[in-house]
Amino acid sequence: KAEAAVDWAWPAATIERRIRAFNPFPGATAQLGGEAIKLWRAQVVAGAGVSGTVLAVTGEGITVACGDAALLLTELQRPGGKRLLARQFLQGMPVHAGQRFAVGR
């Protein structure tokens, strides 16, 4: 389970592969606002910034800067909640550009 923690300094393609590898068990995890968020689906997109920083938030997903590009998170889950598409997830947990996921494992 400890291996499922995301390190945003890694290349985006590496993180995306790990998210797929840990689906359905145990689920890749990342810390946001003190909560362990499970990441179920993501895709590599263009983008640059400080690793772990939310670059953009749209109904399509949450774009997060990684070591070399960015990831668009499209399916997420809060602790005790169910898996949700990004649009639904954002209704229950507002996320905004500039927020940071914890970096490191």
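## Salt bridges

A search of the whole structure, a predicted model, finds 4 salt bridges, each defined as a side-chain nitrogen of Lys or Arg within 4 Å of a carboxyl oxygen of Asp or Glu. In one of them, the closest N and O atoms of arginine 20 and glutamate 16 are 2.7 Å apart. Both residues lie in helix α1 (residues 12-21), 4 residues apart, about one turn of the helix. Arginine 20 counts as exposed because its relative accessibility is 51%, whereas glutamate 16, at 15%, is buried; buried means under 20% relative accessible area, exposed over 50%, and partly exposed in between (1.4 Å probe, protein chains only).

Glutamate 35 pairs with arginine 78, with 2.8 Å between the closest N and O atoms.

Salt bridges with shared partners join Arg41, Glu75 and Arg83 into one network. Glutamate 75 is buried at 9% relative accessible area, while arginine 83 is partly exposed at 33%.

## Overall fold

The protein has 2 helices and 6 strands, where helices (H or I, at least four residues) and strands (E, at least two) are DSSP runs numbered from the N terminus. Their order from the N terminus is α-β-β-β-β-β-β-α.

## Basis of the values

Residues are numbered from 1 along each chain as its sequence is written. In this predicted model, local features need pLDDT of at least 70, side-chain atom pairs count only at pLDDT 80 or more, and totals for chains, interfaces and linings use all residues, while side-chain values use heavy atoms, leaving out hydrogens and water.
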